[in-house]
Amino acid sequence: MRTWFLCKVKYAKENEEGLLKSISEQYLVDAVSFTEAEAILYDRLGSQIRGDFQVTGISKSNIVDVFYYEDADQWHKCKITYLLADGENGKEKKVTQYMIVTAEDVRQAYDRIQESLNNMLVSFRVPEITESPIVEVFPFEKDEVAEQLPPGNFRPVNQEEES
């Protein structure tokens, strides 16, 4: 299961008049720890932001899934609720989850979350959709991990134990 971290970054940005203004932006990072989330931010934002920037806060997010569509750049946070039957006593339990999706407006976000979740086995409701202040999402990318490994003769441990 993914762990998403909500990270706040502060830096100086030049406005239309040429003056530097301090701004704060939020990013969502898929990482295994706070330290890895911070390292990913410095790696990714180092090439995007000119000058110095500072990570001012990192917290675990309640977001469980991310749906990205290339034709939109505004993130919307969707609250999803559904009923789940408890196997032991037969009572129904209300489950609430949060997901984000890119869309131009709230209506499009609703349509996209319905489309993305149409394969769920239980019926669900979308009681709330709000625009999110998240600027960008950095999901885990398997290829990047492979690129970071030093060259060498690597093989799985179980193969090593057999020989």
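In strand β6, the bridge partner of V66 is I100. The model is predicted, so local features need pLDDT of at least 70 and side-chain atom pairs count only at pLDDT 80 or more, while totals for chains, interfaces and linings use all residues. Residues are numbered from 1 along each chain as its sequence is written, and side-chain values use heavy atoms, with hydrogens and water left out.

Start with the sheet. Helices (H or I, at least four residues) and strands (E, at least two) are DSSP runs, numbered from the N terminus. Two strands pair if DSSP finds at least two bridges between them. β4 and β6 pass this test with 4 bridges, in the parallel sense. β5 and β6 pair too, over 11 bridges, in the antiparallel sense. Here A85 has E92 in β6 as its bridge partner. The hairpin of β5 and β6 has 6 residues between the strands, and in it G90 takes a positive phi near 80 degrees. Strand β5, residues 75–85, also pairs with β7, antiparallel and over 6 bridges. There Y82 has F124 in β7 as its bridge partner.

Now put the strands in order. They form an open sheet of 4 strands, β4-β6-β5-β7, with mixed pairing. β4 (63–67) and β7 (124–131) stand at the edges with a single partner strand each, so one side of each has no neighbour in the sheet. From one strand to the next, the twist averages 25 degrees. Helix α2, residues 106–116, packs on this sheet and touches β4, β5, β6 (92–102) and β7. Contact means heavy atoms within 4.5 Å. The direction of α2 makes about 140 degrees with that of β7. Such axes are lines fitted to C-alpha atoms, for helices over the stretch in contact, and angles run from 0 to 180 degrees between N-to-C directions.

Next comes helix α1, residues 34–45. At 1.5 Å a residue, its 12 residues should span 16 Å, and its end C-alpha atoms are 16 Å apart, which agrees. The expected span is 1.5 Å times one less than the number of residues. Which residues of α1 are buried? They are A37, I40, L41, R44 and L45. Buried means under 20% relative accessible area, exposed over 50%, and partly exposed in between (1.4 Å probe, protein chains only). Seen down the axis of α1, the buried residues fall within an arc of 105 degrees, so they line one face. The arc is that of the directions from the helix axis to the C-beta atoms. The face turned away carries the exposed residues T35 and D43.

Look also at a loop. S61 sits between β3 (53–60) and β4. S61 is buried, at 19% relative accessible area. Leaving aside neighbours within four places in sequence, S61 is in contact with W4, F5, L6 and L28.

F5 leads on to the aromatic pairs. Rings of Phe, Tyr and Trp (its six-membered ring) pair if their centres lie within 6.5 Å; planes under 30 degrees apart count as stacked, over 60 as edge-to-face and the rest as tilted. The count comes to 4 aromatic pairs. F5 and F34 form an edge-to-face pair, 4.9 Å centre to centre with 65 degrees between the planes. F5 lies in strand β1 (residues 4–14) and F34 in helix α1, so the pair ties together parts 29 residues apart in sequence. F5 is buried at 1% relative accessibility, whereas F34 is partly exposed at 41%. Y68 and W75 form a tilted pair, 6.0 Å centre to centre with 35 degrees between the planes. Y68 is exposed at 53%, whereas W75 is buried at 5%.
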